Number of protein chains: 2
Amino acid sequence: MDNLKPLQAYLEEKKRLIEEALDKYYPKIRGYGKRVAEAAQYSLKAGGKRLRPILCLMGYELYRNSSEDILPFACGLECIHTYSLIHDDLPCMDDDDFRRGKPSCHKAFDEATAILAGDGLLTLAFELFTHPEVVKRISPLALTKAIHKVAQAVGFRGMVAGQMADLLAEGKRGTLQQLKWIHAHKTVAFIEASLVSGALLAEAPSKEIKILSKFGQQLGLIFQIVDDLLDIIGDEKTLGKPVKSDLKKKKLTYPSLFGLEKTRKMAEEMTEEALNTLNKLEKDTTYLKELTLYILNRAH
Amino acid sequence: MDNLKPLQAYLEEKKRLIEEALDKYYPKIRGYGKRVAEAAQYSLKAGGKRLRPILCLMGYELYRNSSEDILPFACGLECIHTYSLIHDDLPCMDDDDFRRGKPSCHKAFDEATAILAGDGLLTLAFELFTHPEVVKRISPLALTKAIHKVAQAVGFRGMVAGQMADLLAEGKRGTLQQLKWIHAHKTVAFIEASLVSGALLAEAPSKEIKILSKFGQQLGLIFQIVDDLLDIIGDEKTLGKPVKSDLKKKKLTYPSLFGLEKTRKMAEEMTEEALNTLNKLEKDTTYLKELTLYILNRAH
């Protein structure tokens, strides 16, 4: 396609749109419940790439022009992501004091507030998914399918199970099969669902949903493997969190099983495969391809 | 209406239907994520009145015959209720070691597992709300409205805010205005939404939704006030949890502000008002009326 913006400009524009929408659709809370809404807002506004909502918009834009139709839905995905970070950082979970260069939610506030802030964000996601602004523009049937897809990806058969397995594996010798299971559930399913939900909202044909689903899984795994690499070779300042925390916690990761060099090579091979998957789609997938390379080569 | 079962038999039948559906629709988890799904199941099967899903079925039955259409949706409400109990019981929240006569989830398992079990149940609720069995029987537009209603009631503008305010009020002198705010957000909004969601799923006219909403708020407040009373005068064995825990924690309650006698009288007056609200509805509200009296006079 001609006249495409460079990926970087595209991502920045979408990020701005999403952050404006997060402000616009965030409930205005007065009275006694203010503290928890502020704690959630603190984490939600701490920055981040906004990868999941952007993937949702990208999935939608393969089929429709105005992805602004679904901005509240996309914002809901970021709420789910932020909730998962807040709960993961808790002392009884990964016990991380810093996130995106700032104290974690339970450090800036307290544990009870952080748990409730996460609960509130997870709930807000589904409130935004069914926001009147979305309902009036999207087929309600397509909307229920997209919600179902996301809920499955982040629940007992997805992210929640992955986080449980990750905690149980800490400090123990693990296998590749176990590691694949953890990544597939903890990170990959939600990244895949973010992209696919956009395509579902656009009522994409089910054959193409399948291809996007496969690509989303490949992209999610590349994302996670690079994350594991950055924990070892990344720069603390750029990452906004302490490096080598996986090593300290003896987390099961690709580098812990294969070493740095082999892991990097595996990520590159997976990138090739992901690009091949996209070639099966008769759509302009330029941005998705560029995004895949960007994720492979990112520094944070 | 003739030939109505007594309320007790009606409630038992609905409870059985819901518990069977909870079993049927609960995801079968294998592999590394099993522990968290088992912890959630432990709390979900610990019993309880199943009041919220029953209210949803009752709201639906005012307009439609076969409330079995919406059983997965109703089960989702019970998942939300159970999640809220698991998180409320955590040490950094209300710190309760017993629930329904059994160790609380974090006692039977551990804190991380309990937090994740709650997260998983909250997510499962929305998976069940959009279950294909519901989607094929209910107008998808009505479904998105019901989901939106419930999500609002249990999020930053509802239950989550109420729990935050409840924690912040502990041990401090509170006002009636503050107590009303806490009850309205922590308990009442979700009870109201449970009933109203059923009516929304049945596409009830908005004028009648308003009446049901008002009744739901009155019923919710009666429920909460009786709960506060039972904490003082109830029987530990029947309740399945230690009594006088509100007193020990210096919780702000109706009895703490008004004493036992006056509180009981207020609950009775509210019951009168709730029954009057139902009279405005040109529907057979026999069961809802009987349920209101049952809730006023319950022992657990």
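Modeller: The model shown here is predicted.

Biologist: Is Arg52(B) buried or exposed?

Modeller: The criterion for burial is 20 or more other C-beta atoms within 10 Å. Arg52(B) has 24 C-beta neighbours inside 10 Å, and therefore it counts as buried.

Biologist: Which residues is Arg52(B) in contact with, leaving aside its neighbours within four places in sequence?

Modeller: The C-alpha atoms of Arg52(B) and Phe190(B) are separated by 8.0 Å, although the two residues are 138 apart along the chain. Phe190(B) is one of the contacts of Arg52(B).

Biologist: Where is Arg50(B) found, and what is its phi near?

Modeller: Arg50(B) is found in the loop between α2 and α3 of chain B. With 22 C-beta neighbours inside 10 Å, this residue counts as buried. Most residues other than glycine have a negative phi. Arg50(B) is not a glycine, yet its phi is positive, near 60 degrees.

Biologist: Is Arg100(B) buried, partly exposed or exposed?

Modeller: Arg100(B) is placed in the loop between β1 and β2 of chain B, and its phi is positive at about 50 degrees although it is not a glycine. The count of other C-beta atoms within 10 Å is 15 for this residue. A residue is buried at 20 or more and exposed at 12 or fewer, so Arg100(B) is partly exposed.

Biologist: Which residue of chain A is in contact with Leu90(B)?

Modeller: Leu90(B) is found in the loop between α4 and β1 of chain B, and it is buried, with 21 other C-beta atoms within 10 Å. Leaving aside neighbours within four places in sequence, its contacts include His106(B), Glu111(B) and Ala114(B). From chain A, the contact is Ile115(A).

Biologist: Which residues of chain B does Arg35(A) contact?

Modeller: Arg35(A) has its place in helix α2 of chain A and counts as buried, with 20 C-beta neighbours inside 10 Å. Its C-alpha atom is separated by 9.0 Å from that of Ala117(A), which is 82 residues away along the chain. Apart from neighbours within four places in sequence, Arg35(A) is in contact with Thr113(A) and, in chain B, with Met164(B) and Leu168(B).

Biologist: Which helix supplies the largest share of the side of chain B that touches chain A?

Modeller: In total, 50 residues of chain B are in contact with 50 residues of chain A. Helices α2, α6, α8, α9 and α10 of chain B each supply at least two residues of that side. By class, the side comprises 30 nonpolar, 15 polar and five charged residues. The largest share, 12 residues, comes from α6(B).

Biologist: What relation holds between the two chains?

Modeller: Chain B can be laid on chain A with an RMSD of 0.0 Å by a turn of 180 degrees and a shift of 0.0 Å along the axis. The copies meet through the same surface, because 100% of the interface residues of chain B are also interface residues in chain A. The turn of 180 degrees with a shift of 0.0 Å is the relation of a two-fold axis.

Biologist: Which residue of chain B has the C-alpha nearest the axis?

Modeller: The axis in question is the two-fold axis. In chain B, the C-alpha nearest to it lies 2.6 Å away and belongs to Pro140(B).

Biologist: Are α8(A) and α10(A) roughly parallel or roughly antiparallel?

Modeller: The two helices pack with their axes 9 Å apart, at an angle of about 180 degrees. The residues of their contact divide into 12 nonpolar, one polar and three charged, among them Ala146(A) in α8(A) and Ala193(A) in α10(A). Angles over 145 degrees count as roughly antiparallel, and α8(A) and α10(A) are therefore roughly antiparallel.

Biologist: What radius of gyration does chain A have?

Modeller: Chain A comes to 16 helices and two strands, and its C-alpha trace spans about 55 × 45 × 35 Å along the principal axes. Buried residues make up 53% of its 300 residues. For 300 residues, a compact globule would have a radius of gyration near 19 Å, and chain A agrees with this at 19 Å.

Terms used: Residues numbered from 1 in each chain as written. Chains lettered and ligands numbered in written order. Predicted model: local features only at pLDDT ≥ 70, side-chain atom pairs only at ≥ 80, totals over all residues. Contact = placed C-beta atoms within 7 Å. Helix = DSSP H or I, 4+ residues; strand = E, 2+ residues; numbered from the N terminus. Nonpolar A, V, L, I, M, F, W, Y, C, P; charged D, E, K, R; others polar. Least-squares fit on C-alpha atoms with pLDDT ≥ 70 in both. Axes fitted to C-alpha atoms, helices over the stretch in contact; angles between N-to-C directions. Parallel < 35°, antiparallel > 145°, perpendicular 65-115°, else oblique. Rg over C-alpha atoms; globule rule 2.2 N^0.38 Å.
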